[in-house]
Amino acid sequence: MFKLFWREHRAMWLFFLFCFLWMNGLLALEIDLKSVAVIYLNATLLFFFALFVGYRFFRDYKRLHNINVQQATSYLELYNAQAEQVELDAVRLLHKTQAEIREASDFQLAWVHEVKTPLTAMRLLLDELPYGDTKQQLEVEWLRIHLLVDQSLHTLRLSATEQDLLFQKVPLRRAIIKEVQELQNWCFLKDLEIELDVGDDMIVTDEKWLRFIVRQLLSNAVKYSQVGGVITIRYTEQQLVIHDDGIGITMADLPRVFEKGFTGSIGRKQSASTGMGLYLANQTAKKLGLTLEAFSSDGTDMVIHFPEENTYSKVRM
């Protein structure tokens with residue numbers, strides 16, 4: 001370490017030596033100056049310089065004592081080596097963290113798929129029950145569990161959505177009807193009427209992920225609708241609007257409805273919201289090149305803005 005310190009501060013040593021010799025040369029020209037005074041002056045100068053050098057040395061040693069300085073020729077080389085080591089450690093930690101995340105994700109995916117098996121068995125058992133209020137209630141509770149499991153599955157897959165996208169022309173009406181049929185038991189229980197004003201329009205998108213977005217918006221509409229209410233679904237001018245005449249969204253909550261984990265004042269009162277549905281729908285919409293908006297007036301309007309068909313190539317990027 002001392003050799004490296006010496007090499008790194010060569011200019012300082014030379015400058016001090018030059019000043020020391022120059023000062024003593026000037027003092028030698030002074031005839032009346034006693035030799036004892038010169039010795040005291042030089043001793044004082046050397047003493048304070050030694051203190052300064054000692055301070056600099058121990059300061060550098062404190063900074064560099066954990067670094068291997070055997071082969072280094074300068075501080076810059078040491079710092080570069082240390083930076084490379086820190087970068088290598090960071091990359092290793094990143095890879096380790098990514099591996100742990102993948103492992104946890106794989107475990108959660110396996111768990112979700114395992115849960116689907118008893119859910120399927122429950123569905124078959126429910127189909128064998130005689131029709132009645134009990135069966136209807138059980139079917140709705142089964143549907144809620146099914147929707148939560150489906151939401152968990154799509155949450156895990158969301159980060160890899162780009163690898164799963166398949167853009168093609170999709171009949172919008174058919175896709176919506178499939179989601180309405182999935183929720184029909186819940187609608188029957190709440191005596192909800194679904195008004196569908198969607199023509200035979202073809203939309204360039206990924207059908208599976210579009211249906212997931214519609215499922216989140218439509219399940220919210222059913223959840224917060226009053227008994228005997230009406231849910232209207234209409235498509236016009238590249239916009240799909242899902243309107244319910246339920247309790248609506250407060251003006252204070254409206255700007256934050258797509259934030260992760262935000263349940264809002266209504267969700268807190270009913271304890272029925274996880275704060276993930278609209279967030280996942282919005283994140284998925286971004287992957288598809290869509291835009292979601294929320295409005296609240298005499299209920300709630302959830303709007304999906306579709307891009308023009310001539311932006312199909314941009315959406316795929």
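Analyst: Happy to; this is a predicted model, and we can go through it label by label.

User: What makes Phe18 and Trp22 a stacked pair?

Analyst: The structure holds six aromatic pairs. In the pair of Phe18 and Trp22, the ring centres are 6.2 Å apart and the planes lie at 25°. Rings pair if their centres lie within 6.5 Å, and planes under 30 degrees apart count as stacked, so this pair is stacked. Phe18 and Trp22 are four residues apart in helix 2 (residues 10-29), and therefore about one helical turn separates them. Both Phe18 and Trp22 are exposed.

User: Why are Trp209 and Phe212 called edge-to-face?

Analyst: Their ring centres are 6.0 Å apart and their planes stand at 80°. Planes over 60 degrees apart count as edge-to-face, so that is the label for Trp209 and Phe212. Both residues belong to helix 9 (residues 207-224), where they sit three residues apart, about one turn of the helix.

User: Are Trp209 and Phe212 buried or exposed, and how do you know?

Analyst: Buried means under 20% relative accessible area. Trp209 has 0%, so Trp209 is buried. Phe212 has 1%, so Phe212 counts as buried too.

User: Which residues do ring pairs link into a cluster?

Analyst: Phe16, Phe20 and Phe49 form that cluster.

User: What makes Arg123 a charge over a ring?

Analyst: Arg123 lies over the face of Trp142, at 5.0 Å from the ring centre. The distance cut-off for a charge over a ring is 6 Å, and the 5.0 Å of Arg123 meets that part of the test.

User: How do you know that the buried residues of helix 7 line one face?

Analyst: In helix 7 (residues 172-182), the buried residues are Leu172, Ala175, Ile176, Glu179 and Val180. Viewed down the helix axis, they fall within an arc of 135°, so they line one face of helix 7.

User: Why is strand 7 described as largely enclosed by the rest of the structure?

Analyst: Strand 7 covers residues 300-305, and five of its six residues are buried, so the rest of the structure largely encloses it.

User: How do you know that strand 5 and strand 6 pair with strand 7?

Analyst: Pairing needs at least two bridges. Strand 5 (residues 239-244) has six bridges to strand 7, in the antiparallel sense, and Ile242 has Met302 as its bridge partner there. Strand 6 (residues 291-296) also pairs with strand 7 in the antiparallel sense over six bridges, with Leu292 opposite Ile304. Three residues lie between the strands in the hairpin of strand 6 and strand 7, where Asp298 takes a positive phi near 55°.

User: What makes His305 and Gln239 a polar contact?

Analyst: The two side chains make their polar contact at 3.1 Å, which is within the 3.5 Å limit for N or O atoms. His305 has its place in strand 7. Beyond four places in sequence, the residues in contact with His305 include Gln238, Leu290, Thr291 and Glu293.

User: Why is Leu147 called buried?

Analyst: Leu147 has a relative accessible area of 15%; the cut-off is under 20%, so Leu147 is buried. Leu147 lies in helix 5 (residues 133-157). Outside four places in sequence, Leu147 is in contact with Leu183, Trp186, Arg215 and Ser219. Leu147 and Ser219 are 72 residues apart in sequence, with their C-alpha atoms 8.7 Å apart in space.

Terms used: Residues are numbered from 1 along each chain as its sequence is written. This is a predicted model: local features need pLDDT of at least 70, side-chain atom pairs count only at pLDDT 80 or more; totals for chains, interfaces and linings use all residues. Side-chain values use heavy atoms; hydrogens and water are left out. Buried means under 20% relative accessible area, exposed over 50%, partly exposed in between (1.4 Å probe, protein chains only). Helices (H or I, at least four residues) and strands (E, at least two) are DSSP runs, numbered from the N terminus. A charge sits over a ring if NZ of Lys or CZ of Arg is within 6 Å of the ring centre and within 35 degrees of the ring normal. The arc is that of the directions from the helix axis to the C-beta atoms. A polar contact is a pair of N or O atoms within 3.5 Å; within protein, one must be able to donate a hydrogen and the other to accept it, and residues adjacent in sequence count only if both atoms are side-chain atoms. Contact means heavy atoms within 4.5 Å.
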